[in-house]
Amino acid sequence: MSIKSCIAALVVATALSPPPDANAAIKVVTSTQDLAAIVQEVGGDKVAVESIAKGYQDPHFVEAKPSFILKLHSADLLVVVGRELEIGWLPPLIVQSRNARIQVGAPGYLDASANARILDIPSGQITRAMGDVHPSGNPHYWLDPDNGRRIAQSVRDKLSSLSRADAAYFDQRYADFDKRLAEGEKRWKAALAPYKGQKIVTYHRSWPNFADVFGLDVIGYVEPKPGIPPSPPHTLSLQQEMKRLNVKVILVEPYFDMKTPTAIGRESGATVLKMPPSVGGVKEVTSYIQLFDYDVNLLVSTFKQVGGR
Ligand SMILES: [Zn+2]
């Protein structure tokens with residue numbers, strides 16, 4: 001269906017749609033699966049949640065489809081990562097949805113970054129030389145479990161304001177999530193404690209929050225700048241730096257081409273590890289807490305193999 005005919009269909013649908021049912025689940029659309037997972041934790045059976053991007057896709061670059069407009073058209077709430085993560089694809093879809101409830105600034109629009117701890121906020125003038133995709137601070141902030149908690153708090157408050165009668169339910173669901181998350185944080189920190197200060201390289205600048213929380217030292221990136229593909233001179237100097245610092249692990253997000261990281265691994269003697277930064281990045285990771293369990297286990301077993309401390 002073309003975007004135009006899709007919009008025409010929507011106009012007809014709007015004219016015919018009945019008023020919202022007070023007992024119906026709140027229809028939530030999120031930009032990413034991480035946000036959908038957190039909304040599901042807090043919203044339980046009072047929400048029907050769908051994400052636009054899949055966890056195995058690069059969230060900076062998502063191909064817009066007419067079906068996304070249909071989802072947005074009927075949504076009561078849209079939750080976005082913000083910090084310009086979705087700037088390349090989401091804003092036109094929001095406008096084309098013709099849904100006043102979820103427009104930027106409307107009560108049904110939630111920017112999940114509002115209360116999160118954001119790293120890499122640029123100071124001074126921003127230029128394209130800094131890279132293409134992180135002009136408002138690092139948008140991969142959900143990879144700090146405490147930011148997961150802060151996102152869940154924002155979601156709880158927003159759902160409660162949309163459905164006041166269910167506020168106690170959302171409170172209780174949030175408290176349960178918070179408890180399981182706190183247990184997870186203890187588990188993950190203990191598992192990675194022996195590897196504090198371990199030097200790694202990552203493909204994209206996806207992991208500053210994760211590295212900060214779990215004490216890893218990211219010494220370089222396969223991309224010369226965020227969103228800029230690898231270049232031979234950068235690759236060469238990265239390999240030299242990795243040999244000098246004895247770096248044994250390269251993390252690659254599943255949606256990047258493995259050619260350059262594999263070559264760097266071969267040259268430097270480092271192990272290349274595909275590690276998902278999102279729920280849905282691999283099929284067995286279907287919840288926010290599972291994402292950390294999966295990634296921490298993967299790292300620990302790799303550090304053990306490569307003879308890390
Ligand atoms: Zn990024």
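**A chat about rings, zinc and loops**

Trainee: What is the relative accessible area of Tyr169?

Mentor: Tyr169 has a relative accessible area of 22%, so it is partly exposed. Buried here means under 20%, exposed means over 50%, and partly exposed is in between, with a 1.4 Å probe and protein chains only. Do keep in mind that this is a predicted model, so local features need pLDDT of at least 70 and side-chain atom pairs count only at pLDDT 80 or more, while totals for chains, interfaces and linings use all residues. Residues are numbered from 1 along each chain as its sequence is written, and side-chain values use heavy atoms, with hydrogens and water left out.

Trainee: Got it. How many aromatic pairs does a search of the whole structure find?

Mentor: The search gives 10. Rings of Phe, Tyr and Trp (its six-membered ring) pair if their centres lie within 6.5 Å; planes under 30 degrees apart are stacked, over 60 edge-to-face, and the rest tilted.

Trainee: And how do the rings of Tyr169 and Phe170 sit?

Mentor: Their centres are 5.7 Å apart and their planes meet at 70°, so that pair is edge-to-face. Phe170 is buried, at a relative accessible area of 0%.

Trainee: What about Tyr195 and Phe303?

Mentor: Those two make a tilted pair, 5.2 Å centre to centre with 40° between the planes. Tyr195 is in the loop between H6 and E5 and Phe303 is in helix H10 (residues 288-305), so the pair ties together parts 108 residues apart in sequence. Both Tyr195 and Phe303 are buried. Helices (H or I, at least four residues) and strands (E, at least two) are DSSP runs, numbered from the N terminus.

Trainee: Which charged end sits over the ring of Tyr169?

Mentor: That of Lys46, 5.4 Å from the ring centre. Likewise, Arg156 lies over the face of Tyr174, 4.6 Å from the ring centre. The rule is NZ of Lys or CZ of Arg within 6 Å of the ring centre and within 35 degrees of the ring normal.

Trainee: New topic: which residues are the protein donors of the zinc ion?

Mentor: His60, His134, His140 and His204, each through NE2, lying 2.0 Å from the zinc ion. Donors are N, O and S atoms within 2.8 Å of the metal (3.2 Å for Na, K and Ca), and sites may look incomplete since water is not among the atoms.

Trainee: What arrangement do the 4 donor atoms make?

Mentor: They subtend angles of 106 to 111° around the zinc ion, so the arrangement is tetrahedral; for four donors, that needs all angles between 85 and 135 degrees. The ideal tetrahedral angle is 109.5 degrees.

Trainee: Which parts does the pair of His140 and His204 tie together?

Mentor: His140 is in the loop between strand E4 (109-111) and H5, and His204 is in the loop between strand E5 (199-202) and helix H7 (208-214), so the pair ties together parts 64 residues apart in sequence. His140 counts as buried at 1% relative accessibility, and His204 counts as buried at 2%.

Trainee: Last one: where is Asp166?

Mentor: Asp166 is in the loop between helix H5 (145-162) and helix H6 (167-192). Asp166 is buried, with a relative accessible area of 18%. Its side chain joins that of Ser163 in a polar contact of 2.7 Å. A polar contact is a pair of N or O atoms within 3.5 Å; within protein, one must be able to donate a hydrogen and the other to accept it, and residues adjacent in sequence count only if both atoms are side-chain atoms.

Technical notes. Tetrahedral: all angles 85-135°; square planar, octahedral: opposite > 155°, others 65-115°.
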